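Subject: Structure handover

Hello,

Here is the structure I promised to pass on. My notes follow below it.

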Amino acid sequence: MHEPIPYLDLRAQMRPLRQELEAAWARTLDHCSFCLGPDVVQFEKDFAAFCDAAHCVAFNSGTSALHVALRLLDLGPGDEVITTPLTFVATSWAISYVGAKPVYVDVDDATFNLDPRGLERVLTPRTKAVMPVHLYGHPFDVAPIREFCQRHGLPLVEDAAQAHGARYHGRVVGTFGEMSCFSFYPGKNLGAAGEGGALVTNNAALAARARSLREHGATVRYYHDEVGYNYRMEGLQGAVLGIKLKHLNNWNAGRCRVARRYDELLVDTPLRLPREAEGCESAWHLYVVRHPQRDALKQHLEAHGVGCALHYPLPLHLQKCYAHLSYQAGDFPVAEQAARECLSLPIYPELTDAQLERVAAVIQDFFAKPASA
Ligand SMILES: *Cc1c(COP(=O)(O)O)cnc(C)c1O
């Protein structure tokens, strides 16, 4: 029997950092800066530098950062935000939290990112922002989307929760719009020992107001300028993220190695493999293949001890929580087909060549069999 290959192996990432992380935890217990504090301040500086951005504001989750980004645009009921139906639901939560309406545009068949060709069609006088996602770590089609935003005076907010360090024509994602939001959920390319997120911007006024909204809408304690939130990052997470950030470029290179090797090993299978678009360097958060027999293949992999996952099985316009938006099946055929055919294979820097080869062998075995339904 082979050792099972987990879809994600966080323990493999944590093991070599264990002592350093424990020392950081001990320091936090010593200085007792549990909410924000010096480690968070330092991490904000370091992560802003990583993104080539002027400001980073740390949050208690990526979802909180997205929510505050839309608060910073003063959006509310009656406003519309153009976004993608194929993403983790939190992208749309931010829009709903401020009372605005998500307006979906279908995705591009090659990358599953928001297809800029659909933008004009959904533009209305109520459109107030555009919020695409760098899905699976692959940059969205920045140039035409920015051009659309500039032409119509619309702010662009990047959901970069899956794309720490991804590059578009050589430039790291995070400053293509007014703001970008990152998640440090443990499974992301850069993950906390718990929840975390960040808002990144080159705009000092937006960053200052984000800091206030993060802490109960106050810049001076107990004087509240506007209704805010308790969205502070924990001190411990700042310490952990500071340690892990130093490894991020290496880890991303490791993910890229895994992707390249899958490309080689799977090229002769009937799978459709992910491809980087011209000028794009993916952060390879996920390696998502496509096939019409996705469900059978998934079962086959799991039966042979290979973990896999679906990103995402149901597009947002068909979710129960968004039934009130009155979209229907068939409205976004590319996203819907993606949801039926997508399959995420294990990809993490610690995945060994032997593990990779085994994943590929199990897939080859599936296609070698006579027509499995
Ligand atoms: C993970 C994720 C989020 C939410 O981040 P949390 O830190 O889990 O709140 C938002 N958008 C996308 C695309 C994500 O993948």
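Arginine 151 and glutamate 147 both sit in helix H7 (residues 142-152). They are 4 residues apart, about one turn of the helix. Their side chains meet in a salt bridge, 2.9 Å from N to O. Bear in mind that the model is predicted. Arginine 151 is partly exposed, at 47% relative accessibility. Glutamate 147 is also partly exposed, at 38%.

Helix H10 (residues 248-266) holds another pair, glutamate 264 and arginine 261. Here the spacing is 3 residues, again about one turn of the helix. The closest N and O atoms of this salt bridge are 2.6 Å apart. Glutamate 264 counts as exposed, at 52% relative accessibility. Arginine 261 is partly exposed, at 25%.

Next, arginine 117 and aspartate 115. Their side chains form a salt bridge at 2.7 Å, N to O. Arginine 117 is exposed, with a relative accessible area of 65%. Aspartate 115 is buried, with a relative accessible area of 11%. That value is under 20%, so aspartate 115 falls in the buried class.

Side chains of opposite charge can pair when their charged atoms come close. How many salt bridges does the structure hold? The count is 23. Some residues link up into a network of salt bridges: Arg71, Asp74, Arg209 and Glu226. Aspartate 109 also has a partner, arginine 272, with the closest N and O atoms 3.0 Å apart.

Now the domains. The protein chain is divided into domain 1 (10-245) and domain 2 (248-372). Their centres, taken over C-alpha atoms, are separated by 25 Å. Domain 1 puts 45 residues into the contact, and domain 2 puts in 35 residues. Between them the two domains bury about 3400 Å². Of that area, 62% is on carbon and sulfur atoms. The interface of domain 1 and domain 2 is crossed by 2 salt bridges.

Helix H2 is worth a look. The helix runs over residues 18-31, with 14 residues. From its first C-alpha to its last, H2 reaches 20 Å, close to the 20 Å expected at 1.5 Å a residue. Its buried residues are Leu21, Ala24 and Thr28. Why do they lie on the same side of H2? They cover an arc of only 60° around the axis, and this puts them on one side of the helix. The face turned away from that buried side carries the exposed residues Arg18, Gln19 and Asp30. What covers the buried residues of H2? The cover includes helix H1 (10-14), helix H3 (38-50) and helix H9 (235-245). Just after H2, cysteine 32 takes a positive phi of about 60°.

Cysteine 51 is in the loop between H3 and strand E1 (55-59). Is cysteine 51 buried or exposed? Cysteine 51 is buried, with a relative accessible area of 1%. Beyond its neighbours within four places in sequence, cysteine 51 is in contact with Val172, Val173, Thr175, Phe182 and Val200. Proline 155 is 104 residues away along the chain, and the C-alpha atoms of cysteine 51 and proline 155 are separated by 19 Å.

Arginine 358 is in helix H13 (residues 353-368). This arginine counts as buried, at 19% relative accessibility. The cut-off is under 20%, so arginine 358 qualifies. Leaving out residues up to four places away in sequence, arginine 358 touches His2, Ile5 and His304. Leucine 17 is 341 residues away along the chain, and the C-alpha atoms of arginine 358 and leucine 17 are separated by 27 Å.

Over to you.

How values were computed
Residues are numbered from 1 along each chain as its sequence is written. This is a predicted model: local features need pLDDT of at least 70, side-chain atom pairs count only at pLDDT 80 or more; totals for chains, interfaces and linings use all residues. Side-chain values use heavy atoms; hydrogens and water are left out. Helices (H or I, at least four residues) and strands (E, at least two) are DSSP runs, numbered from the N terminus. The expected span of a helix is 1.5 Å times one less than its number of residues. Buried means under 20% relative accessible area, exposed over 50%, partly exposed in between (1.4 Å probe, protein chains only). The arc is that of the directions from the helix axis to the C-beta atoms. Contact means heavy atoms within 4.5 Å. Domain bounds come from an automatic or database domain assignment. Buried area is the accessible area (1.4 Å probe) that two parts lose on being put together, summed over both. A salt bridge is a side-chain nitrogen of Lys or Arg within 4 Å of a carboxyl oxygen of Asp or Glu.
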